[in-house]
Amino acid sequence: MSKISYRESHKYAEKGAEYEAYYQTRAWQRFLWSREQEIILIILEKYFADRDIHLLDFACGTGRITGLLENRVKTSTSIDVSGSMLAIAREKLKRTEIIEADITAENVLKPKKFNLITAFRFFLNAEPELRTAAIKALVELLAEDGYFVFNNHQNFGSPWIKLMHMRHRQKNPQGAFNIMSIRQMKKLVEGVGLEIVDIYPVGFFHPPKVPVSYRLNRAIDSVACRFKFLNRFSESPIAVCRRRKNQNSNASASRK
Ligand SMILES: C[S@@+](CC[C@H](N)C(=O)[O-])C[C@H]1O[C@@H](n2cnc3c(N)ncnc32)[C@H](O)[C@@H]1O
């Protein structure tokens, strides 16, 4: 039996409601989301102070990321292929243009440009062909001075993800347990002429089956994120990317 493409995976009728519940009921997910919100707001302050933001939230799902941002941006657009996920997004979002389409098949947003493109919880699970098609379509929509912000919610550098990956392979060698390293994140964006300018770590302490309190997790994250070298051990890092500066002009500038 052939494996279902990630494009199809969120299309069944109940998926939107299931995804919402997942975020509302799971302690670890709620903790990650609280950290992600803080970090996204830090990114706005650092990269967009005094600038109008034109947001595209790619693979927006139920509108988690768009919902945080829509009142903080000048224009807001969200896109996804799943009607079931978008039905929930439509209930939440008030000033966002919501589009059901697959820009990897036909880039219906061209020739628009966005100076902030977000893509959360997408690239890890997208199969290689979809990853490449999506990043290529997105870079065509990114303004020259824009930023692309994405996350990797199962970073291979995280000791807990390594452990879960190992256990999964022992128990279910045929099953899928996707992982992505920071090196793969870099490679993905470098392939389309972008570079990662910042990585924000999210989620350090996630021993499987051991409940850890929200407060303890926050305390651990707030200490660990002060040390850049620990980034690679976090479970769900967020990367900020921009167009790579022209290397020739850099080289000639440094010769002057
Ligand atoms: C795990 S959800 C993430 C939703 C949201 N970004 C979040 O972080 O809560 C992944 C989403 O990717 C969407 N997706 C898969 N293939 C896609 C494609 N080719 N174009 C747009 N969205 C796609 C799925 O329909 C699903 O809603």
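The legends below describe close-up views of a predicted model.

**View 1. The largest nonpolar core and the residues at its centre of contacts.** This core has 37 residues, of which F58, F122, F123, F148 and F150 touch the most other members. Two or more residues each are given to the core by the strands β1 (54–58), β4 (114–119), β5 (142–151), β6 (194–200) and β7 (238–243), together with the helices α5 (128–141) and α7 (182–190). Helix α5 supplies the largest share, seven residues. Leaving aside residues up to four places away in sequence, F150 touches A119, F123, M185, L188, V189, P237, I238, A239 and C241. Another core, of 27 residues, lies apart from this one and has Y19, Y23, I65 and V240 among its members.

**View 2. Residue I117 and its contacts in the interior.** Residue I117 belongs to strand β4 and is buried, with a relative accessible area of 1%. Its contacts, again not counting residues up to four places away in sequence, are L56, L138, L141, L142, Y147, F148 and V149. Although I117 and Y147 are 30 residues apart along the chain, their C-alpha atoms are separated by 6.5 Å.

View 3. The ligand is surrounded by 19 residues, and the closest are Y19, A59, R64, D80 and F120. Sorted by class, this shell consists of 10 nonpolar, four polar and five charged residues. A nitrogen atom of the ligand lies 2.7 Å from a backbone N or O atom of A59. Of the 590 Å² of accessible area that the ligand has on its own, the protein covers 99%.

**View 4. Helix α4 and the elements that cover its buried residues.** In helix α4, which spans residues 83–92, the buried residues are S84, M85, L86, I88 and A89. An α-helix has 3.6 residues a turn, so residues three or four places apart point the same way. The cover over the buried residues of α4 includes helix α1 (15–25) as well as the strands β2 (75–80) and β3 (97–100).

View 5. The peptide bond that runs from K110 to P111 is cis, and its omega is near 5°. Residue P111 is placed in the loop between β3 and β4.

View 6. Residue D50, which is not a glycine, has a positive phi of about 60°, and D50 lies in the loop between α2 (27–48) and β1. Residue R121, also other than glycine, has a positive phi near 50°, and its place is in the loop between β4 and α5. Are D50 and R121 buried or exposed? Residue D50 is exposed, with a relative accessible area of 84%, whereas R121 counts as buried because its relative accessibility of 13% falls under the 20% cut-off.

How values were computed
Residues are numbered from 1 along each chain as its sequence is written. This is a predicted model: local features need pLDDT of at least 70, side-chain atom pairs count only at pLDDT 80 or more; totals for chains, interfaces and linings use all residues. Side-chain values use heavy atoms; hydrogens and water are left out. A nonpolar core is a set of buried Ala, Val, Leu, Ile, Met, Phe, Trp, Tyr and Cys residues joined through side-chain atoms within 4.5 Å. Buried means under 20% relative accessible area, exposed over 50%, partly exposed in between (1.4 Å probe, protein chains only). Helices (H or I, at least four residues) and strands (E, at least two) are DSSP runs, numbered from the N terminus. Contact means heavy atoms within 4.5 Å. A residue is near a molecule or strand if one of its heavy atoms lies within 4 Å of it. A polar contact is a pair of N or O atoms within 3.5 Å; within protein, one must be able to donate a hydrogen and the other to accept it, and residues adjacent in sequence count only if both atoms are side-chain atoms. Accessible areas come from the Shrake-Rupley method with a 1.4 Å probe; for residues, only the protein chains shown count as cover. Ala, Val, Leu, Ile, Met, Phe, Trp, Tyr, Cys and Pro count as nonpolar, Asp, Glu, Lys and Arg as charged, and the others, Gly among them, as polar.
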